[in-house]
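Biologist: Could you put the model up so that we can go through it together?
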Amino acid sequence: MKKHLIWIVSTGAILISIPFFTNATPSTKKTGENYIIKALKIPNGIQFAGEGIPIHNIDVKERVDKEFLVNTYWQSNGLLLIKRAHKFFPIIEPILKKNNIPDDFKYLAVIESGLQNVTSPAGAKGFWQLMPATAREYGLEVNSNVDERYDLEKATNAACQYILKAKEEFGTWTAAAASYNIGINGLGRRMEEQMVTSYYDVLLPDETSRYIPRIIAVKEILSKPYDYGFVYEKNDLYKLPTYKTVKVDTAITNIASFAKNFNTNYKELKILNPWLRENELNNRSRKLYKIKIPETVK
């Protein structure tokens, strides 16, 4: 049976009308002839922060395998993470090093936020997903006018203090990382109740049980992207705009006007200073702030 609907196919300067038949024989070509989805091999000797992963444990192996599959075959997200990592890891890495925290913890920020200033349903914010009370505990200013959870350098330093406290509590970097998701008290209570001392032996909520396997998978993929099919050129990667820093210890009544004084605009200034939450800086305490001013590339 021939329908009136037709396809118009362009072949250079010639247009060809092709009738559409409802009783046309479907293609017998199998999907696998054009598209292959491969099972992945978990690399030998994988580690987190220098601590081995007990991949011989059946449950651990399956959880790690799941995260490798999910994060490899979620191609758009993987490529975005690679691009953002090039932009933000150079800020995070030296802060971790300064605080004597293993470099692998930068991947914790990746799985927490995708390296974006996001907000969780519970109200955690920023790259490191800090709750207001935790942020204030580690010295960050959090209010409707200024929220330093959105200041990557300051938030990374705050996260480092939490991680060091957790490491002192549990003795391993793995448990310290896991506690970032469930809390020091939450992880400690479950370990005590279940009479275990290892993250890999404790029964945890699904999100926390996925936590370390996700970090491991993301670390492997972002460290060796070509091994997992991610192909790109250097120019495809994201980078921060160049900027200079201006110190301010007074109020700013209008940030848009302030930006114009530096030959930039409100949007560009806020991209570099997302911790400024309003179009003014109250600064009643005369605190010294450092504001990044984008520089025009000539």
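Biologist: Which residue follows α7, and what is its phi?
Modeller: Bearing in mind that this is a predicted model, the residue after α7 is Met195, and its phi is positive, near 55°.
Biologist: And within α7, which residues are buried?
Modeller: Ile184, Gly186, Leu187 and Met191 are buried there, and the buried residues of this helix pack against α5 and α6.
Biologist: What about the nonpolar cores, how many residues does the largest have?
Modeller: The largest nonpolar core has 69 residues, and within it Phe105, Trp128 and Leu222 have the most contacts. The elements that contribute two or more residues to this core are α1, α2, α3, α5, α6, α7 and α8. There is also a second, separate core of 15 residues, which includes Val146, Tyr150, Leu276 and Ile293.
Biologist: What does Phe105 touch?
Modeller: Leaving aside residues up to four places away in sequence, Phe105 touches Phe48, Ala49, Leu96, Trp128, Ile163, Trp173 and Ala177.
Biologist: Changing topic, at what angle do α3 and α8 cross?
Modeller: The axes of α3, residues 106-113, and α8, residues 206-223, cross at roughly 110° and come within 9 Å, which makes α3 roughly perpendicular to α8. The residues of this contact divide into 8 nonpolar, 1 polar and 3 charged.
Biologist: Which residues meet there?
Modeller: From α3, Tyr107, Leu108, Val110, Ile111 and Glu112 meet a set in α8 made up of Tyr211, Arg214, Ile215, Val218, Lys219, Leu222 and Ser223.
Biologist: How many salt bridges do you count?
Modeller: The count comes to 12 salt bridges. In one of them the side chains of Glu67 and Arg210 meet, at 2.6 Å from N to O, and this pair links distant parts of the chain, with Glu67 in α1 and Arg210 in α8, 143 residues apart.
Biologist: Is that Glu67 buried or exposed?
Modeller: Glu67 is buried, with a relative accessible area of 1%, whereas Arg210 is partly exposed, at 24%.
Biologist: Which salt bridges does Lys106 form?
Modeller: The side chain of Lys106 meets that of Glu93 in a salt bridge at 2.6 Å, N to O; Lys106 lies in α3 and Glu93 in α2, so the pair ties together parts that are 13 residues apart in sequence. Lys106 also forms a salt bridge with Asp103, where the closest N and O atoms are 2.8 Å apart. Lys106 is buried, with a relative accessible area of 7%, while Glu93 counts as partly exposed at 26% and Asp103 counts as partly exposed at 36%.
Biologist: And which residues are linked in a network of salt bridges?
Modeller: Such a network links Glu141, Glu148, Lys154 and Lys287.

How values were computed:
Residues are numbered from 1 along each chain as its sequence is written. This is a predicted model: local features need pLDDT of at least 70, side-chain atom pairs count only at pLDDT 80 or more; totals for chains, interfaces and linings use all residues. Side-chain values use heavy atoms; hydrogens and water are left out. Axes are lines fitted to C-alpha atoms, for helices over the stretch in contact, and angles run from 0 to 180 degrees between N-to-C directions. Helices (H or I, at least four residues) and strands (E, at least two) are DSSP runs, numbered from the N terminus. Angles under 35 degrees count as roughly parallel, over 145 as roughly antiparallel, 65 to 115 as roughly perpendicular and the rest as oblique. Contact means heavy atoms within 4.5 Å. Ala, Val, Leu, Ile, Met, Phe, Trp, Tyr, Cys and Pro count as nonpolar, Asp, Glu, Lys and Arg as charged, and the others, Gly among them, as polar. A nonpolar core is a set of buried Ala, Val, Leu, Ile, Met, Phe, Trp, Tyr and Cys residues joined through side-chain atoms within 4.5 Å. Buried means under 20% relative accessible area, exposed over 50%, partly exposed in between (1.4 Å probe, protein chains only). A salt bridge is a side-chain nitrogen of Lys or Arg within 4 Å of a carboxyl oxygen of Asp or Glu.
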